[in-house]
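Here is a short briefing for a first look at this model. Keep the sequence and the structure open side by side while reading.

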Amino acid sequence: MTVTARRELVSPAVRNAFRALATDLTIRIVEELWEDHGFAPIPPDELKYDDPGQRRTTFMLYAEGVNWADPEHIRRALLVFEDFIRAYRDPDQQGTPKWLEDIGVRLERDGFLLDKSGRISWKNPPIPLLARDLSALSDGSGIAVELERIRRDLTTDPHGAIGAAKQLIEATAKTALRELNIEVDKNSALPALVSTVQKALKLDAGSAPDGPDGSKAVKKILSGSVNIAVGVAELRNQGFGSGHGQASAPSGLGVRHARLTVNAAVTWCELILDTLSDPAAPWRKNHSEGS
């Protein structure tokens, strides 16, 4: 299945503003501006956009192929937009033209800044996300929801981001166990979930096989991964993360604490999902023998 829980990072309003610029450029230039940054058009019969203008239609053939919720796609798309500004702008015009002011306002609403030279930057750079496509899972929606909460809260609500980081670990553990057809008590505490899934995937120091997975160095790392997951849960349970009502709000909690916790949670989740999808991972041998 395709996970769609992540919100679009660039609004239709911004995309429409840049589409309008294509009206006064040649079709070939429009194509080159997209292709210079690795984008390809979707098949014309898949385009759900009706416009008599060929240049705007060409723009949309490429724009519809962008994943507007993917930070890496957004990074490249912003470079395309910068090139559109340079291709459209009159180099002899003094001051900032109204069309560029309008684009700047729309970008700012989406969390971007446009400088006088036409460079676009993030107000707050996107947070670390799982570097993988969740569509390979039978259902990755639980993980996607927590990633979206982290993205929303990291720089504005550290308390909420820490709570979401704990829930990300929990969602990843439960998702992996479901993929392995291992039933768990829905009321299991997070340390028990972490222990169960790492043992099932041969990621606990006690059951690691011979080879690199069983080396002393890797065993130390695996032991540390358990501590990471449990530490995130403990931080949240001590009142520094959302999910429990507190008589007094936690003091001294900042974005750096949230980033530390989120990065730790993402590291653990990457370990679990990488091992789950690895066709040569040691857990697969015992799993196939038992099936």
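Helix 6 holds a run of buried residues: Ile143, Ala144, Glu146, Leu147, Glu148, Ile150, Arg151 and Asp153. The cover over these buried residues includes helix 7 and helix 10. The model is a predicted one.

**Helix 6 and its cover**
- Helix 6 spans residues 141-153 and has 13 residues.
- From first C-alpha to last, helix 6 reaches 18 Å, close to the 18 Å expected at 1.5 Å a residue.
- The buried set of helix 6 includes Ile143, Leu147 and Ile150, and also Glu146, Glu148, Arg151 and Asp153.
- An α-helix has 3.6 residues a turn, so residues three or four places apart point the same way.
- Helix 10, which is part of the cover, runs over residues 255-277.

**Val262 in helix 10**
- Val262 sits in helix 10.
- Is Val262 buried or exposed? Val262 is buried, because its relative accessible area is 1%, and the cut-off for buried is under 20%.
- Beyond its neighbours within four places in sequence, Val262 is in contact with Ile150, Leu154, Ala161 and Ala165.
- Val262 and Lys166 lie 96 residues apart in sequence, yet their C-alpha atoms are 8.5 Å apart in space.

**Helix 7 against helix 8**
- Helix 7 covers residues 158-179, and helix 8 covers residues 190-200.
- The two helices pack at an angle of about 40 degrees, with axes 9 Å apart.
- That angle makes helix 7 oblique to helix 8.
- The crossing of helix 7 past helix 8 is left-handed.
- Which residues meet here? Helix 7 brings Lys166, Ile169, Glu170, Ala173, Lys174, Ala176 and Leu177.
- Helix 8 brings Leu190, Leu193, Val194, Thr196 and Val197.
- The residues of this contact divide into eight nonpolar, one polar and three charged.

**Helix 1 against helix 3**
- Helix 1 is made of residues 12-21, and helix 3 of residues 54-63.
- Their packing angle is about 135 degrees, and their axes are 8 Å apart.
- Helix 1 is therefore oblique to helix 3.
- Helix 1 passes helix 3 in a right-handed crossing.
- On the helix 1 side, the contact has Arg15, Phe18 and Arg19.
- On the helix 3 side, it has Arg56, Phe59 and Met60.
- This contact between helix 1 and helix 3 divides into three nonpolar, no polar and three charged residues.

**Arg86 in helix 4**
- Arg86 is found in helix 4, which runs over residues 71-88.
- Arg86 is partly exposed, with a relative accessible area of 45%.
- How far from Arg86 is Gly118, in sequence and in space? The two are 32 residues apart in sequence and 7.3 Å apart in space, C-alpha to C-alpha.

**The chain as a whole**
- The secondary structure comes to 11 helices and two strands.
- Along the sequence, the pattern is α-α-α-α-α-β-β-α-α-α-α-α-α.
- The chain has 291 residues, and 40% of them count as buried.
- Take the contacts between residues at least 6 apart in sequence: 68% of them join residues at least 24 apart.

Conventions:
Residues are numbered from 1 along each chain as its sequence is written. This is a predicted model: local features need pLDDT of at least 70, side-chain atom pairs count only at pLDDT 80 or more; totals for chains, interfaces and linings use all residues. Side-chain values use heavy atoms; hydrogens and water are left out. Axes are lines fitted to C-alpha atoms, for helices over the stretch in contact, and angles run from 0 to 180 degrees between N-to-C directions. Helices (H or I, at least four residues) and strands (E, at least two) are DSSP runs, numbered from the N terminus. Angles under 35 degrees count as roughly parallel, over 145 as roughly antiparallel, 65 to 115 as roughly perpendicular and the rest as oblique. A crossing is left-handed if the near helix is turned anticlockwise from the far one by less than a right angle, and right-handed if clockwise. Contact means heavy atoms within 4.5 Å. Ala, Val, Leu, Ile, Met, Phe, Trp, Tyr, Cys and Pro count as nonpolar, Asp, Glu, Lys and Arg as charged, and the others, Gly among them, as polar. The expected span of a helix is 1.5 Å times one less than its number of residues. Buried means under 20% relative accessible area, exposed over 50%, partly exposed in between (1.4 Å probe, protein chains only).
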